[in-house]
Amino acid sequence: MKPMKKIICQLLVFVMMLTLFAGCKNQDKPTDSKPADTAAADSKPSGSEPGGSEPSLKLALVVAGQFGDRSFYDSSWEGANRLAAEFPIQVTQIECGNENHTAQMKNAADKNDVVVCVGWEFYEIADVAPAYPDVKFIWIDNETEEPIPNVLNITYAQNEGSFLAGYIAAAMSKTGVVGAVGGEDQPVINDFIVGYKQGAAAYDPKVKVVTNYANSYDDPAKGKECALALADQKADVIFQIASAAGDGVFEAAKERGIYAIGVDSDQKYIDPEVIICSMKKEVGNSIYDAVKALLAGDSSKWGSTWVADMSNGYVGIGYGEEGSTQQVSDEIKAAVEEMEQKIISGEIQVDTTR
Amino acid sequence: MSEFEKILSTVFSVGTLQQMLRSATPVALAAIGGSMTEHAGIMNIGMDGMILMGAFFGVLGSFLGQSALAGLGLALLIGVLVGLFFALLVVRYKSDEFIIGCALNTFALGLTSYLSRSVFGNNGTKGNPALPALHLPFLSKIPILGPMLNDQSLFVYLTWIVVLLAWLFVYKTPYGLWLRASGEKPDTLRTAGISPKRMQWIASLLCGILCALAGAHLSLGQLSGTFAENMSNSRGYIAFACVIFAAAHPGKAYLAALMFGFFEAIGLRLQSYVSADLTNTIPYLITIIMMVYVVARKQQRKKKLARA
């Protein structure tokens, strides 16, 4: 009986370990773009190989954290899904869960034509990309020190969008104190914050901006505590820049009867009574457009850094879908639009930490 | 008001004390659970996974039954199952508790993420029925202490009862004596005709239940029915540090958790003046200081014994 027990025990442990992998969603999404494929196959002269439904491009979406944040990563997910739906592209999604970024990137490069690395954490791309000269890489939210021919860096002018968020926050505040909860004290997050502060000061230099960092991207309870701490300092509009931890900011705002501002995606739908607007960073759209250009044969952007900013429409403010509750008055919206034009024309220079 | 006074008034406000209680509660509940297994001689580092399971199944129950009580019920049920599962592997099959604890943590992360996506989709869930905060009118008349203790989640008050019950159980009942003996002198206990294994089963079971309660507080008490992947955020490990620091005494474990909560609250408020990277190290610094204290205390005792 003794060895039997041991085997059972080992099996149980093994099963437990397996579920770890069940959590990592690494699924091949067969494209649903059958019509386009068959059309392409039909147009080919007869005698072409029967494998006409082979995807023309294999794309891997490698995210540094995990999906389900309803903002940054999920936005990239939507972009990849749109690509898969509209073009004969096979999309593989890989979640690093905040570890093994390099290994996951290599795994993706082994099997795919395009690897999209979503997150500022993929520093090793500078070593990995030259080893795969035939693979096109896209690095979201950061850039390599030296240009690499097969890497397209996409950075976002989140400072410009945050400027508008800060302007709206200051305009909506009754106490004259507005807040921001960041994920980590780190350049991209701070880029949001400097823009936000400048925007608030643009509305009224007397407005005070208080900030803190949750030091986590997936702990909503901590995010809530951060927002409550800011509310204790009289902040009555709070900007969340903390991914899933930011969910807690919305809850704190609801509890205290104050306002919150969403980030990356248009988050109004999450709680329309509390979230007055969102700073949109269209990660999904930028991936979509870059890959679409690549499919059309334009790879001129690779080997450089593309700044997706307000002038090309990848950064801006969203007020939710039509018909949702609006707290921001039309006058403020008009003023925001004016600010937007000034940023695009270069009349307003927004500070940056990038 | 001078600048220094301003800093003091933001850092040490009623809000700081409120947050101390809120943040300490899940850690304290888990730490009391961990004290049970610690007394029984099991080093349980799987508490983080147990908390995460409680958090997820609390939300799931609340979602399915559309009531917070259903959530609490399901979390408790899962706590029982996880506790039994842990005991099955560690007590019955004598596996290494360290490995099983690690496995439990990764297992819980994988399982809850998988189930969360299967049930709620990629976006997670929020706004399910949550446990209400208690408003006690008589408290609002007392300054500082009143607002600090008032309007807290049910669990905050429940934890005080749990601390008392756990202390009575461990130190004032024969079961508690057997529990401690099962860890320290299992052979003696066996001679007395009581199975140490049985006590270890009970300890694991209690630990599972209390950790599940801690998770339910996180998702249903502190948040309004929200689940996010990996939301336990290493609270189980902090709880483990509290267990060691308190030498598995439930009351001291609660105080240790309060201390962690207090420094977390202070750290958040200090961020307006000091770098967040620095304030972020506070809990870990405290852990190191605690551990040094524990070791020093032990050595002192040894010396005393040697002299005597």
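User: Is Arg269(B) buried or exposed, and at what relative accessibility?
Analyst: This is a predicted model, in which local features need pLDDT of at least 70 and side-chain atom pairs count only at pLDDT 80 or more, while totals for chains, interfaces and linings use all residues. Residues are numbered from 1 along each chain as its sequence is written, chains are lettered from A and ligands numbered from 1 in the order in which they are written, and side-chain values use heavy atoms, with hydrogens and water left out. Buried means under 20% relative accessible area, exposed over 50%, and partly exposed in between, with a 1.4 Å probe and protein chains only. Arg269(B) therefore counts as buried, its relative accessibility being 2%.

User: Which residue does the side chain of Arg269(B) meet in a salt bridge?
Analyst: The pair crosses between chains, from helix α12 (residues 250-270) of chain B to helix α8 (residues 220-232) of chain A; helices (H or I, at least four residues) and strands (E, at least two) are DSSP runs numbered from the N terminus. A salt bridge here is a side-chain nitrogen of Lys or Arg within 4 Å of a carboxyl oxygen of Asp or Glu. At 3.1 Å, N to O, the partner of Arg269(B) is Asp232(A).

User: What is the relative accessible area of Asp232(A)?
Analyst: Whereas Arg269(B) is buried, its partner Asp232(A) is partly exposed. The relative accessible area of Asp232(A) is 30%.

User: How many residues apart are Asp141(A) and Lys281(A)?
Analyst: The side chains of Asp141(A) and Lys281(A) form a salt bridge at 2.9 Å, N to O, and the two residues are both buried. This pair links distant parts of the chain, since Asp141(A) lies in the loop between β5 (136-140) and β6 (151-156) of chain A and Lys281(A) in strand β11 (residues 275-281) of chain A.

User: Which residues of the two chains are linked in a network of salt bridges?
Analyst: Over all chains the structure holds 12 salt bridges. Such a network joins one residue of chain A to two of chain B, namely Glu95(A), Arg117(B) and Glu229(B).

User: How much space lies in the largest cavity?
Analyst: A cavity is a set of points, on a 1 Å grid over the protein atoms alone, where a 1.4 Å probe fits but cannot get out, and its lining residues have an atom within 4 Å of a point. Searching the whole structure gives 2 cavities of 30 Å³ or more, a volume being the space filled by probe spheres set on the points. For the largest cavity this space is about 450 Å³.

User: Which residues that line the largest cavity are the closest to its centre?
Analyst: Helix α7 of chain A gives the most to the lining, with 3 residues, and α5 (97-120) of chain B is among the elements that supply at least two. Of the 37 lining residues, the closest to the centre are Asp69(A), Tyr73(A), Tyr217(A), Ser243(A) and Ala244(A).

User: How far apart in space are Ser204(B) and Glu38(B)?
Analyst: Ser204(B) lies in helix α10 (residues 196-222) of chain B and counts as buried at 0% relative accessibility. Although 166 residues separate Ser204(B) from Glu38(B) in sequence, their C-alpha to C-alpha distance is 9.6 Å.

How values were computed
1 Å grid on protein atoms, 1.4 Å probe; cavity = no way out; pocket = protein on both sides within 12 Å on 5 of 7 lines; lining within 4 Å.
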